[in-house]
Amino acid sequence: MLKEGQFRNPSGCAVAGVIDRSGGKMSGQGMIDAIAVMHDRSNGLGGGFAGYGIYPHYSEFYAFHLFYDGKSAQTEAETFITRHFEIVYSSEIQTRKIPTVTDEPLIFRYFLAPLPQKLSRSHLDEREYVARCVNRINARIDGAYVFSSGKNMGIFKGVGYPEDIGRFYRLEEYEGYAWTCHGRYPTNTPGWWGGAHPFGLLDFSVVHNGEISSYDANRRYIEMFGYKCTLHTDTEVITYIIDYLVRRRGLTLEEAAHVIAASFWSTISGKEPAAREQETLLRRMFPSLLVTGPFSVILGYTGGLMVIGDRLKLRSAVCAQKGDVAYIASEESAIRRIEPDLDRVWSPAGGELVIFELYDRGGLAQ
Amino acid sequence: MYIDAYGMESRALNDAVRACGEHSITIAHCIGQRYLGTALSDKALSIEGTPGNALGAYLNGGSIRVHGNVQEATGDTMNSGEIAVFGSAGDATGYAMRGGKIFVEGDVGYRCGIHIKAYRENKPAIVIGGRTGSFLGEYQAGGTIIVLGLHTDGLPIVGNFCGTGMHGGEMYLRTAQVPARLPVQVRAERVAALPEDAAALVREWCALFGREEGELLRCAYLRLTPDSSNPYHQMYVGN
């Protein structure tokens with residue numbers, strides 16, 4: 001069987017996200033209920049969730065979630081992990097048997113601290129060190145795949161309908177201040193667990209509805225900076241673009257959004273001078289990171305969620321607010337399922353960035 | 001007949017509507033079920049909640065009223081009949097309509113009225129109370145789109161790229177401001193009052209949503225029409 005990455009895999013999909021900006025905790029059940037409303041947008045070949053603030057007792061450690069094809073891959077990966085990290089705690093991730101979720105790999109979780117000596121000898125900052133270790137496992141160890149690697153957050157994904165995947169991982173038992181989720185509709189699938197969304201690197205997680213047509217241009221550019229696109233899915237390259245622009249180049253999320261979903265030159269020319277200069281500069285600096293084709297993406301990160309769509313708005317996205325809680329979904333009905341009585345509901349324009357952050361992160365007021 | 005749609009899948013709900021012998025059907029607690037009212041020709045459907053995509057696709061008569069917002073592709077390829085939305089509508093509202101009327105109390109998303117077309121007595125019409133997203137009337141080939149601009153959020157009455165590829169029909173925007181970068185083939189002219197058929201549509205909109213028609217009928221509109229009724233003359237075939 002060909003795996004993800006050995007052929008092209010277009011997709012349709014549903015996305016949703018929720019954040020309690022006051023930091024209040026929600027179980028994963030809400031997202032399961034919301035994504036179930038959009039059942040018809042998926043075809044049972046991939047679903048996943050990202051939860052933020054779910055590991056408060058281990059918040060100082062990198063939480064690695066790994067898929068293993070078998071015991072030998074696990075042994076090899078654990079040898080690598082032990083060489084680079086102190087394992088503070090490790091266990092198999094608890095799952096529930098669901099008739100519609102089959103062929104699951106071995107799924108393990110590790111809370112890790114980089115070995116101080118190794119880290120200092122690498123001359124890398126800590127996050128870069130961790131990111132390189134993730135890349136190394138995914139590219140070099142056959143049958144092992146790190147699908148979550150942030151602090152105090154976790155990704156849970158697999159092959160199946162998203163609501164089934166949520167129940168499989170017992171997400172009603174986790175509590176976080178923010179969640180995202182994804183239902184996948186690949187038209188052409190190998191049925192591999194690693195290929196489901198969210199795709200993550202460190203605390204970034206990306207869920208994506210769409211089909212980007214700039215994939216190869218973006219990939220060729222981003223691979224120059226040490227990223228390895230092992231999956232050949234658009235979501236992976238979007239994650240690396242965001243990681244590169246925000247973590248490595250120090251751009252703000254707004255600036256990164258002006259690179260990824262840059263306005264048309266004709267639209268830029270009609271803007272105020274300051275905005276016009278800034279957007280022109282960003283388009284000129286990173287022309288190869290412009291993402292074209294239909295997409296709506298929710299980025300999760302420590303303390304916030306960001307939604308961005310393509311500038312032509314070829315995929316839908318709806319935002320809503322009720323008190324301290326903000327919602328994002330492909331369809332309004334998914335939001336109404338978990339909060340029928342909303343204070344405000346609106347659709348961002350094509351290319352328009354919407355950010356919801358925890359109040360104590362100094363988040364943007366929307 | 002009353003149907004509580006809570007927890008029902010799209011197919012089951014649609015089957016229940018189709019199997020119903022009564023003229024009037026009320027659907028309560030609608031949440032995301034797609035294709036409601038597809039190709040119906042003689043029913044009066046009243047929906048409470050948030051119906052899913054492609055509401056009233058291929059509608060062939062009768063009426064659909066929604067007390068709530070609707071999502072994408074409402075009235076996709078509808079032939080006749082009427083859809084009234086007591087709320088706002090998502091993208092591609094009235095996608096490729098061939099007849100009938102859509103009335104929206106609030107705003108619509110992107111690509112409203114994309115490729116609507118008219119033939120003889122079949123003239124589709126869309127009346128929007130608030131504002132629209134970008135690509136209003138994209139590839140419009142016939143019919144009438146009226147935007148009343150009663151929104152209060154300060155945004156422009158239409159987004160970018162209004163009338164891209166428009167080659168038939170007409171749009172009336174209740175504004176004095178010509179949309180930015182209108183395509184060269186689209187002509188904008190100020191009309192002091194709406195012609196009778198457009199005024200009748202506005203009166204219907206006012207009656208549905210309980211608004212005063214006086215001001216909306218007395219003011220000037222911007223009328224958008226394509227410059228040529230046959231811009232593709234001789235381009236593909238000797239027509």
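**View 1. In chain A, five strands make up an open sheet with antiparallel pairing, in the order S11-S12-S13-S14-S18.** Strands S11 (199-201) and S18 (354-357) of chain A are the edge strands, each pairing on one side only. Helices (H or I, at least four residues) and strands (E, at least two) are DSSP runs, numbered from the N terminus, and two strands count as paired if DSSP finds at least two bridges between them. The model is predicted: local features require pLDDT of at least 70 and side-chain atom pairs count only at pLDDT 80 or more, whereas totals for chains, interfaces and linings use all residues. Residues are numbered from 1 along each chain as its sequence is written, while chains are lettered from A and ligands numbered from 1 in the order in which they are written.

**View 2. Strands S11 and S12 of chain A are shown with helix H7(A).** Three bridges link S11(A) to strand S12 (residues 204-210) of chain A in the antiparallel sense. Gly200(A) has Ser205(A) in S12(A) as its bridge partner. Helix H7 (residues 234-248) of chain A lies across S11, S12 and strand S13 (295-301) of chain A, and runs at about 135° to S12(A). Axes are lines fitted to C-alpha atoms, for helices over the stretch in contact, and angles run from 0 to 180 degrees between N-to-C directions. Contact requires that the C-beta atoms of two residues, placed from the backbone, lie within 7 Å.

**View 3. An open sheet of eleven strands in chain B has mixed pairing and the order S1-S2-S3-S4-S5-S6-S7-S8-S9-S11-S10.** Strands S1 (2-4) and S10 (186-191) of chain B stand at the edges with a single partner strand each, so one side of each has no neighbour in the sheet. In this sheet, too, neighbouring strands are turned by 15° against each other on average, direction ignored. Read along the sequence, the pattern of chain B is β-α-β-β-β-β-β-β-β-β-β-α-α-β. The radius of gyration of chain B, 18 Å, is close to the 18 Å that the globule rule gives for 239 residues, so chain B is as compact as a globular protein of that length. The radius of gyration is taken over C-alpha atoms, and the globule rule is 2.2 Å times the number of residues to the power 0.38.

**View 4. Parallel and antiparallel strand pairs occur in the sheet of chain B.** Strand S2 (residues 24-31) and strand S3 (residues 44-50) of chain B are parallel and share six bridges; Ile25(B) stands opposite Leu45(B) in S3(B). S3(B) is also joined by five bridges to strand S4 (residues 60-67) of chain B, again in parallel, with Ser46(B) having Arg65(B) in S4(B) as its bridge partner. By contrast, S10(B) and strand S11 (residues 221-226) of chain B run antiparallel and are joined by six bridges. Here Ala188(B) stands opposite Leu224(B) in S11(B).

View 5. Helix H2 (residues 196-209) of chain B lies across strands S5 (80-85), S6 (101-104), S7 (125-128), S8 (141-147) and S9 (168-173) of chain B, at about 50° to S8(B). Leaving aside residues up to four places away in sequence, Ile146(B) touches Val127(B), Ile128(B), Tyr172(B), Ala198(B), Leu201(B) and Val202(B). The largest nonpolar core has 180 residues, of which Ala16(A), Ile35(A), Ile241(A) and Ile146(B) touch the most other members. H7(A) gives the most to this core, seven residues. A nonpolar core is a set of buried Ala, Val, Leu, Ile, Met, Phe, Trp, Tyr and Cys residues joined through C-beta atoms within 7 Å. A residue is buried if 20 or more other C-beta atoms lie within 10 Å of its own, exposed if 12 or fewer, and partly exposed in between, with C-beta atoms placed from the backbone.

**View 6. At the interface, 17 residues of chain A are in contact with 19 residues of chain B.** On the side of chain A that touches chain B, the elements giving two or more residues are helix H9 (265-269) and helix H11 (332-338) of chain A. H11(A) provides the largest share of that side, five residues. By residue class, the side of chain A that touches chain B has four nonpolar, seven polar and six charged residues. Ala, Val, Leu, Ile, Met, Phe, Trp, Tyr, Cys and Pro count as nonpolar, Asp, Glu, Lys and Arg as charged, and the others, Gly among them, as polar.
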